[in-house]
Amino acid sequence: MSEADLSMGHGAGVMEARPFAIPSKKLVMWLFIISDACTFGAMLFAYGFVKNAAPDWPHPFESGSIMNALLMTFILVTSSLTILIGVRAAKEGNKSKAIQWTFITVVLGLAFAALHLKEWMGLIGEGVRLFQNPWGSPMFGASFFAITGLHLAHVVSGAVALTVVALGYKRGRYNSDDLEIWSLYWHFVDLVWMFVVPMVYLMNVKA
Amino acid sequence: MESNQGSIKGDLVVYVLILILACVQVFALKGHLFAMLVVAAIQAFLAISFFMHLGSEKRTLRLALIPATLFVLVMMNMIWADSYRLISMKPFAK
């Protein structure tokens, strides 16, 4: 039996069962997600460190920014629901519905990115730069833009990846499993935002 | 791939719960870091278990992923002592 036969799964009976009962691609996505969780964890801990060690940490966010963050949360959590519906449709073999819901997810992701950029522009307009701001500790800008920028990069790259997978699924290059695997990444991006909001926004509300 | 997608009704319940918890964070717990992080951890648990379906995966997968991640994240807490040392020392102390 050739190596190709084994890798295509034709070796049932001569190969042991998968130890985690999931395909290799899904396991790789899970491993990427836990490594990325540690990356975001390290960034949030570093943010906590510099905030803790600075006596004049700025608290620039007014109720408008907080409502914007809440709206962004609503959009991102809703996009998690829409990709779930898309993946379920793909599993049921309903290709057009799966593609439709995946593109709704992409649009919601882009709406999130637009609101995020609006928030950035507001802060930049108030004089916040990477290493200076009008209010206090110069590290505020660097840590804020680094954390939210890394998250924004994940959202945008996730939207691109979902678009590519949805178009490939439409052409028959990818299947419902690929869509499911990329939905894991999308849920992870949503999950990270749940920690970014309290630490970066809600702990820095203007008194 | 085995399908473990659950039901749309269950997904909707989790979706509403996560949004309610987000509102609780904003309107009731703003400024209370520990309480907000507990709520965020509950939201993360719901998302991982139901949206990402880790709860219905094989136990060996959960054991391979979760303890290692939690260990790394818990070990990062060793930085706090140093951040408090900085704020108590020069140049900020009188």
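Reader: What share of the 207 residues of chain A counts as buried?
Author: This is a predicted model, in which local features need pLDDT of at least 70, side-chain atom pairs count only at pLDDT 80 or more, and totals for chains, interfaces and linings use all residues. Residues are numbered from 1 along each chain as its sequence is written, while chains are lettered from A and ligands numbered from 1 in the order in which they are written. A residue is buried if 20 or more other C-beta atoms, placed from the backbone, lie within 10 Å of its own, exposed if 12 or fewer, and partly exposed in between. For chain A the buried share is 36%.

Reader: What pattern do the elements of chain A follow from the N terminus on?
Author: Helices (H or I, at least four residues) and strands (E, at least two) are DSSP runs, numbered from the N terminus. Chain A has six helices and zero strands. Its C-alpha trace spans about 70 × 35 × 20 Å along the principal axes. The elements run α-α-α-α-α-α.

Reader: What share of chain B is buried?
Author: Chain B has four helices and zero strands. Its pattern along the sequence is α-α-α-α. Of the 94 residues in chain B, the buried ones make up 18%.

Reader: Among contacts in chain A between residues at least 6 apart in sequence, what share joins residues at least 24 apart?
Author: Two residues are in contact if their C-beta atoms, placed from the backbone, lie within 7 Å. By that rule, the share joining residues at least 24 apart is 74%.

Reader: Which helix of chain A gives the most to the side that touches chain B?
Author: In the interface, 42 residues of chain A are in contact with 40 residues of chain B. Helix 2 (24-53), helix 3 (63-91) and helix 6 (176-201) of chain A each supply at least two residues of that side of chain A. With twelve residues, the one that gives the most is helix 3 of chain A.

Reader: How many residues on that side of chain A are nonpolar?
Author: Ala, Val, Leu, Ile, Met, Phe, Trp, Tyr, Cys and Pro count as nonpolar, Asp, Glu, Lys and Arg as charged, and the others, Gly among them, as polar. The side of chain A that touches chain B has five polar and six charged residues. The nonpolar residues there number 31.

Reader: Are helix 2 of chain A and helix 4 of chain B roughly parallel or roughly antiparallel?
Author: Axes are lines fitted to C-alpha atoms, for helices over the stretch in contact, and angles run from 0 to 180 degrees between N-to-C directions. Angles under 35 degrees count as roughly parallel, over 145 as roughly antiparallel, 65 to 115 as roughly perpendicular and the rest as oblique. Here the axes lie 8 Å apart, at an angle of about 20°. Helix 2 of chain A and helix 4 of chain B are therefore roughly parallel.

Reader: Which residues of helix 4 of chain B make that contact?
Author: Helix 4 of chain B covers residues 80-88. From helix 2 of chain A come A:F49, A:N52 and A:A53. Helix 4 of chain B supplies B:S83, B:Y84, B:L86 and B:I87.

Reader: Is the crossing of helix 3 and helix 4 of chain A left-handed or right-handed?
Author: The axes of helix 3 and helix 4 (residues 95-125) of chain A come within 8 Å and cross at roughly 165°, so the two helices are roughly antiparallel. A crossing is left-handed if the near helix is turned anticlockwise from the far one by less than a right angle, and right-handed if clockwise. For helix 3 and helix 4 of chain A, the crossing is left-handed.

Reader: Where does B:H53 lie?
Author: B:H53 has a positive phi of about 60°, although it is not a glycine. It is partly exposed, with 19 other C-beta atoms within 10 Å. B:H53 lies in the loop between helix 2 (33-51) and helix 3 of chain B.
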